[in-house]
Amino acid sequence: MTLKAPIVTSSPSAEDDSELARWRMRLGHPDAEVRRIALLDLIDEAGDSHAALLVEALADPVAALRLEAVRALEAFESHASVQAIIGLLDDPDHEVRQAAAHALSELKDPASGPLLLASAHTADPFKLAAVLRGLRELRLPASQAPALAALGHAHPSVRREAVAVLGYLKSEVAITALAALARQDAEPEVRRAAAGALGFAQGPAVLPALLEALRDPEWQVREEAATTLGKLLLRDAVGALIEALQDAYWQVRLRAARSLGRLRDRQAVAALVASLSHPNGNLRKEAALALGDIADPAACPALLVAEQDADPEVRKAVRLALQQIGPTSS
């Protein structure tokens with residue numbers, strides 16, 4: 001990215017509005033401190049008519065000013081601003097590049113999609129990950145092809161962002177690809193992202209992939225799989241989730257307990273009752289809440305004992321559970 005020195009405007013041009021011309025004079029001042037104050041003033045009162053000035057400020061030779069401008073532009077999504085922000089992915093300053101990537105992740109207008117898609121063939125992994133992150137929320141069918149292609153990228157960050165794009169699309173091809181990654185990708189962070197992205201999907205490939213992810217060597221992947229199984233309300237996962245209540249990591253047990261509560265299957269009551277005695281208070285709390293959601297009176301004796309738990313948050317969850325089960329708990 002080539003940065004140009006600021007241009008000092010000596011007088012308003014004929015086609016410029018006088019207010020915009022005054023802003024340009026301040027933002028183009030040779031003194032960086034004057035430009036900084038002008039930019040901060042502009043950000044304080046910026047409206048749609050000032051967005052073009054913020055775009056111009058992205059070319060300031062001082063990185064700190066470019067950083068302020070790109071952060072402010074998150075509120076102004078237009079063809080010009082998106083194009084300029086994409087250009088900042090090549091900025092020489094690391095912090096500015098990161099801010100540009102974050103700004104792209106905040107895009108909401110599908111009209112911004114073609115600009116991102118045009119940049120989705122870059123060989124630069126940072127830029128490609130940022131572009132895919134921007135495409136994620138737009139949910140454009142046209143983003144499927146570049147996202148599928150990115151699943152084979154050498155950089156895990158690119159594959160992870162591609163997974164997020166595909167999760168929202170819900171196409172059969174996307175679901176098949178996500179299921180394969182949840183099982184097979186070499187990087188735990190990608191497997192975890194794929195397991196989470198399957199939470200947007202339905203289809204025969206989903207349950208087997210998540211059950212396998214629930215046995216993944218990395219606990220973070222197992223945790224994500226347990227969460228997703230509950231979100232999808234997959235009743236055939238009850239047995240595997242009960243087994244997950246014995247996981248070596250309490251974080252996995254907690255997510256399994258939460259999902260079992262969502263599924264409301266009485267098969268889980270005994271295992272959840274056992275979890276009321278776990279040393280971790282967060283897990284005890286989640287087990288109590290799950291028992292309340294299942295609302296099986298068989299859990300009442302254990303819950304009545306748990307009313308004496310040393311943790312006030314657990315006691316609160318127990319009282320709520322007993323209220324949900326009803327009069328038979330007394």
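Me: What makes the way H11 passes H13 a left-handed crossing?

Reply: H11 passes H13 in a left-handed crossing, a term used when the near helix is turned anticlockwise from the far one by less than a right angle. The model is predicted, with local features needing pLDDT of at least 70 and side-chain atom pairs pLDDT 80 or more, while totals for chains, interfaces and linings use all residues. Residues are numbered from 1 along each chain as its sequence is written, and side-chain values use heavy atoms, without hydrogens and water.

Me: Why does serine 105 count as buried?

Reply: Buried means under 20% relative accessible area with a 1.4 Å probe, protein chains only, and serine 105, at 11%, therefore qualifies. Serine 105 belongs to helix H6 (residues 94–105), a DSSP run of H or I with at least four residues. Beyond neighbours within four places in sequence, serine 105 contacts Arg133, Gly134 and Glu137.

Me: How do you know that serine 105 makes a polar contact with histidine 102?

Reply: A polar atom of the serine 105 side chain lies 2.5 Å from the backbone oxygen of histidine 102, whereas the limit for such N or O pairs, one able to donate a hydrogen and the other to accept it, is 3.5 Å.

Notes
Helices (H or I, at least four residues) and strands (E, at least two) are DSSP runs, numbered from the N terminus. Buried means under 20% relative accessible area, exposed over 50%, partly exposed in between (1.4 Å probe, protein chains only). Contact means heavy atoms within 4.5 Å.
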